[in-house]
Amino acid sequence: MNAVAPAGTGVLDAALQSAETARYRAHDWFAVLRQQGWHSFQSLPMPKLSHEKWRFSDTRTLSLADYAPAPEPTEAWAELLIARSQLISDAAGLIVHIDGHCVLKPSLSPELAAQGVIFESLEDAIKHHPALLKEHLLKHPVGLGGDKFAALHRAWLRSGYVLHVPKGVEVKQPFVSVTWTLTDGVAVFPHALIISGEQTQAAVHDFHFSAKPDQRALAISVADIHAGKGSQVHRLAVQAWGSATQSFQIDNTCGGRDSLISSVNAAVGSRRARLENAVRVEGEGADVRLYGISVASGEQEFDQRTLQIHAAGHAKSDLLFKNVLLGKARTIFSGLIKVEPDAQHTDAFQTNRNLLLSPDAEADSLPGLEIEANDVKCSHGATTGQIDPAELFYLQARGIPLATAQELLAQGFLEEVLAKVGHEEAVAIVREMLRQKFHQA
Amino acid sequence: MADIEESQAQREAVEIDRSKGDFKFEENYAFDAGIGLTASTIDYIVKVKGEEEWIREFRQKALKVFESLPMPTHWATEDLSNIKFEDIRYYLSKGQKAVRTWEEVPDDVKQTFERLGIPESERKFLAGVEAQFDSEAVYSRMKEELEKLGVIFCGPTEGLRDHPEIFRKYFGKVIPMGDNKFSALNSAVFSGGSFIYIPKGVKVNQPLQAYFRINAENFGQFERTLIIADEGAEVTYMEGCTAPKFETATLHSAVVELVALKGAKIQYITVQNWSANVFNLVTKRGMAEEDAEVRWIDCNIGSRLTMKYPGVILRGKRARGEVLSIALANDGQHQDTGAKMIHAADDTTSNIIAKSISVGKGRSTYRGLVHIPKTLKNCRNNTECDALLINEHSRTDTYPAISVRGQKNSVQHEASVSKVSAEQIFYMMQRGLNEGEAMSLAVNGFVNDLVKEFPMEYSVELKRLIELQMEGSVG
């Protein structure tokens with residue numbers, strides 16, 4: 001069972017891991033959490049293709065060797081990247097990390113601070129809000145196959161942020177987190193913990209970038225959202241790591257009674273990127289919307305695994321993942337709707353649409369349903385196809401060159417999801433990133 | 001008018017409801033390979049059947065493959081581990097030879113099939129019938145004119161012995177022995193089944209039928225079927241299955257291979273109504289060459305656990321594959337069915353329509369595979385799966401896997417889960433139906449467009465079966 005090489009280096013180095021853990025002696029609960037992570041990482045096997053949750057994934061090229069934590073960046077780099085992180089002008093707060101080091105701590109407006117809103121780096125929150133963290137940090141189970149990577153994240157947990165919006169507070173402006181990788185071969189483990197109290201409203205934008213376009217790095221990020229009763233949480237997560245990065249993003253959301261949760265996952269970066277997005281509907285009246293959008297090019301592999309669990313009835317969830325594939329890219333969409341026995345009156349839907357723009361691209365779909373209650377409306381749909389030749393002809397007949405026409409139609413295909421972001425500046429950023437992919441390819 | 005009369009006659013012909021199947025006769029077998037499976041069990045079967053050495057080698061090799069493969073419980077249900085391979089009887093026969101006149105059939109066996117309506121149905125509308133009782137066929141007859149045309153309809157032993165030039169080429173080729181654990185098991189101990197050859201251009205208008213019957217407790221039935229439709233030939237084959245209710249679990253594990261050569265059409269219809277203690281683990285796959293068509297029409301009503309995913313390998317240009325599937329899972333039943341479409345040539349199309357109904361604590365599962373590799377263009381697949389849940393604890397799962405590359409290929413997949421709406425039931429009850437009748441009617445409506453695809457006599461029977469199954473499911 002033990003798949004870890006005995007003499008590991010970098011993130012596989014036990015001595016290095018425990019030396020870093022020792023720094024948290026003053027917060028022993030956190031040190032224990034990291035230690036638990038290390039133990040379960042070592043006991044868990046590396047995933048194999050034969051494992052149903054890794055079906056179609058290229059598990060042979062999965063490797064954790066040769067990635068190590070990196071030292072703090074130089075001031076010059078920090079300055080430059082902080083400047084490049086000013087993406088959202090009306091941000092309620094901005095936090096910036098480089099190689100796992102917080103280089104810009106958020107400063108909240110006095111009003112938000114007075115309302116009790118917490119938006120802090122994980123390092124600070126460990127010191128300031130241990131009770132809150134003990135209750136919520138890494139409490140969601142990982143159910144989509146990435147247990148080993150989640151365990152490694154826990155073992156090396158250090159950077160990230162905590163957002164807590166207390167009962168009754170509504171914040172319209174987004175909280176923004178920008179995470180960079182800079183050093184070649186760096187391993188980063190960004191964490192996002194979002195806790196929205198009863199009857200609150202909050203929006204979060206998470207950007208994941210590499211300082212250099214062909215950055216080699218390992219990124220294992222985890223985002224846990226606890227949406228309280230009647231709260232509204234909107235999250236945009238942008239995965240734009242460098243083209244030689246292996247990334248894993250493990251998102252877990254719990255929706256309480258009457259909560260409204262929407263998330264948009266946009267992906268353009270990484271050599272291989274795996275997204276695991278699980279939502280557990282725990283209260284009646286909850287409404288969950290999950291959106292995914294990507295343009296995969298070159299030899300990229302985007303591996304998307306989603307889970308909509310309905311543990312309570314009278315709730316809704318809807319999922320739409322759209323992928324455009326160029327070059328030799330590959331996307332895997334595996335989605336499951338699970339309706340538990342007592343979750344009657346559930347409406348759960350799931351749609352995956354893939355647009356193949358190259359004969360060498362491959363789109364795999366594994367849409368699934370497990371329904372144990374009878375009074376439900378559930379459906380899934382998956383399509384994979386090309387651009388309608390009639391539409392292409394229409395544009396060409398009006399003098400638009402083939403390549404431009406294809407790009408326009410593909411962008412039109414993606415626009416449906418972009419419309420769900422709900423923040424114009426953010427939409428423009430994502431749209432531009434998607435557009436650039438057509439020109440790299 | 002005559003047509004109506006005829007169809008009514010046919011309606012009475014194929015009687016296959018569960019209560020009809022629930023009887024058994026004394027077991028007095030001349031040949032019994034004993035309990036459990038070893039190399040010597042296989043030697044015994046080979047000896048009794050007088051098979052050639054290459055078949056013995058094939059079987060022995062398959063046994064090793066079977067033993068080496070793990071149970072597929074990493075994706076399939078844990079219920080599979082309840083199969084006790086060491087308690088099963090792998091070969092039982094009365095030493096009978098398949099006879100060609102009904103009068104020659106031994107009395108108890110004859111009664112079995114008469115109660116199931118086999119001879120009448122044959123007289124009425126079938127081009128040929130084969131009836132299998134445990135391991136061997138007891139009766140096999142085909143209309144003479146077909147024989148004159150060169151149609152072959154026999155069992156695997158006779159097929160491989162008398163027509164090796166036809167059957168050996170494809171035997172074990174569409175489904176290799178190592179395809180899965182149960183195809184390996186079948187390859188080791190197969191006995192009975194139909195080997196059919198339709199010569200070039202021959203179109204058999206009336207269906208050929210086989211009837212499978214398990215009579216002995218703890219018995220495993222492993223029939224093997226290979227149907228070859230030569231260029232431009234057409235054939236429809238129907239099979240039905242029953243077994244009495246035993247105390248202990250029984251295993252049925254068949255391998256069915258279809259070969260449709262250029263321009264040929266094969267339609268394979270199954271109405272599976274095993275009793276609720278049969279593990280029904282069947283591998284079915286067809287190969288369609290250029291312009292050929294393979295169509296599986298599959299209805300699963302009986303058994304404890306059915307795992308069956310009929311597939312079509314679309315090997316030639318413009319080949320077409322279709323799976324129409326109905327599954328009904330009641331208390332204690334798990335219908336794990338689906339379809340596989342492997343596109344391997346340009347311009348191929350496939351269609352899958354699966355409908356399942358879960359009643360009581362029944363569970364139905366759809367698993368599908370659609371594969372279009374990158375070298376291909378203009379391939380199309382359409383998949384629709386609909387599930388109907390009747391009671392609070394009914395369960396359904398859908399697990400399709402779709403993999404697409406290449407140019408101008410398109411696939412679409414849709415699945416939905418619903419229940420019979422209270423409004424529908426209310427509407428019908430207002431018009432004087434009781435709740436059970438209303439539910440039955442709604443369920444029949446749900447599967448109606450698929451039931452229509454079955455031959456008349458089967459579709460009528462199916463509707464009746466569904467009604468029976470729905471009895472007492474509400475209220």
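**View 1. Chain B as a whole.** Buried residues, meaning those with 20 or more other C-beta atoms (placed from the backbone) within 10 Å of their own, make up 55% of the 475 residues in chain B. This is a predicted model, in which local features need pLDDT of at least 70 and side-chain atom pairs count only at pLDDT 80 or more, while totals for chains, interfaces and linings use all residues. Residues are numbered from 1 along each chain as its sequence is written, and chains are lettered from A and ligands numbered from 1 in the order in which they are written. Chain B holds 13 helices and 24 strands; these are DSSP runs numbered from the N terminus, with helices (H or I) of at least four residues and strands (E) of at least two. Two residues are in contact if their C-beta atoms, placed from the backbone, lie within 7 Å. Of the contacts in chain B with a separation of 6 or more, 82% join residues 24 or more positions apart.

**View 2. How confident is the predictor?** The pLDDT, the predictor's confidence in each residue, runs from 0 to 100. Chain B has a mean pLDDT of 85, and 84% of its residues reach 70 or more. Along residues 1–18 of chain B, the pLDDT is below 50, and this stretch has 34 contacts in the model beyond near neighbours in sequence. For the complex, the predictor gives an ipTM of 0.79 and a pTM of 0.87.

**View 3. Where chain B meets chain A.** Here 33 residues of chain B are in contact with 32 residues of chain A. On the chain B side, the elements that give two or more residues are strand S23 (395–404) and strand S24 (410–419).

View 4. Strand S19 (residues 362–371) of chain A pairs with S23(B) in the antiparallel sense over six bridges; strands pair if DSSP finds at least two bridges between them. Look for A:Ala363, whose bridge partner in S23(B) is B:Val404.

**View 5. Two loop residues with positive phi.** A:His345 sits in the loop between strand S17 (330–339) and strand S18 (346–356) of chain A, and its phi is near 60 degrees, a positive value in a residue other than glycine. B:Lys408 lies in the loop between S23 and S24 of chain B; its phi, near 55 degrees, is again a positive value in a residue other than glycine. Are these residues buried, exposed or partly exposed? A:His345 counts as partly exposed because it has 15 C-beta neighbours inside 10 Å. B:Lys408 is partly exposed, with 16 other C-beta atoms within 10 Å. A residue with 12 or fewer would be exposed, and partly exposed residues fall between exposed and buried.
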